[in-house]
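Colleague: Could you show me the model? I have a few questions about it.

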Amino acid sequence: MERHLILEDGTVFSGQGFGAPATTFGEIIFDTATSGYQETITNPIYDGQMIVFAMPVVGADGIHAEAYESTTPKIRGVVVHDLAEVSTNRQRRMNLDRFLQHHNIPGLYEVDTRKLIRHLRETGPQKATIVDVVDDHAVDQLVATVLTNKQVQNTATPKAYANPDHGFHIIVIDFGLKHGILRVLGDYDANVTVLPYTTTVDEVLTLDPDGIILSTGPGNPEDLPDSVLTLIRVLQTKMPLLGLGLGHELLALANGAEIQALPAEYHGMNHPIQEIISQQLFYARQGRGYVIDEDSLDGKKLFVTHRDLVDGSIQGIRLRDNPAFSVQFFPDGAPGPLEANGIFADFFETVADYVQKNS
């Protein structure tokens, strides 16, 4: 069945529908990764967004039980050039079409995604809708739609839960936590407790953690309440702290820096990052719509640890007087590459030093 993608600027792209036959609205962005479509679709950072995949063929791997980044995808739509059936040696796996049907998410294929992505690079993220018929009513509905800014509230856990083990006790503050972070913490035998972002300092310190992680998450960090920044300012003085993605942006805001929206969001893998102190180059997964304004950094509080080699933007910061640091990229490698996993090794080395000094 032919369906249509209407952009807020009036541009229309047509294709064949798959997934759910629903009409949907969301912010449309594109992802340049060449693999890992399931991890991308289930990543909570895409709450309320439609994803255009640059890879020419999507769907051949089916849906894997071990590749979920959250139990329920929060995206509003999927746009691809070519939709593949599950390959013959994987027939027992659910295919992408049925997966999207199950979660009431519509998709489009046979779309000129190269043209669409070029257009989005020029115009930046904008509202979009997937509909059966292009008419004035559909356009009016799109224009009148107000997208939510409550993405963190939609994705983060409302209650604390544990992922126990026998290693260091790590508190993860959940702003839209992806499962890949928990998998890596499991590799370090961490005794993990996940807390909602509405938690208080007393609730954190009562659990006697050895370290804190500020998770990834969706949306604009400035939409979160000031209480989150107050929480970070206190915790960063108490014990080792690591911010990831949205957590990185929040650490910057908590220490007086400012955040700017990117003209076109960056979503993809194999993105070149350089660690400044060692000059080491590695590749990492990116998923960001914001960047730290370098002119706003207080050099007496913070210094830059990592840079993006494509646009020179800040990819990592560290506090001068406290054992707290953060990175914009995703070091958990879900989906890959795995080269950025050293960020977790640095964090656990800092945690070990902290525990030894305070034992």
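Colleague: How do strand β18 and strand β19 pair?

Modeller: Strand β18 (residues 314-319) and strand β19 (residues 324-327) pair in the antiparallel sense, over 3 bridges. Strands are DSSP runs of E with at least two residues, helices are runs of H or I with at least four, and both are numbered from the N terminus. Two strands pair if DSSP finds at least two bridges between them. This is a predicted model, where local features need pLDDT of at least 70, side-chain atom pairs count only at pLDDT 80 or more, and totals for chains, interfaces and linings use all residues. Residues are numbered from 1 along each chain as its sequence is written, and side-chain values use heavy atoms, with hydrogens and water left out.

Colleague: Which residue in β19 is the bridge partner of I317?

Modeller: That is S326.

Colleague: What is the strand order in the open sheet of 10 strands?

Modeller: The order is β10-β12-β11-β13-β14-β19-β18-β17-β15-β16, and the pairing is mixed. At the edges are β10 (161-163) and β16 (281-293), each of which pairs on one side only.

Colleague: New topic. Where is T193 found?

Modeller: T193 is in strand β12, residues 191-196.

Colleague: Buried or exposed?

Modeller: T193 counts as buried because its relative accessibility is 14%. Buried means under 20% relative accessible area, exposed over 50%, and partly exposed in between, with a 1.4 Å probe and protein chains only.

Colleague: Which side chain does the side chain of T193 make a polar contact with?

Modeller: The side chain of H169, at 2.9 Å. A polar contact is a pair of N or O atoms within 3.5 Å; within protein, one must be able to donate a hydrogen and the other to accept it, and residues adjacent in sequence count only if both atoms are side-chain atoms.
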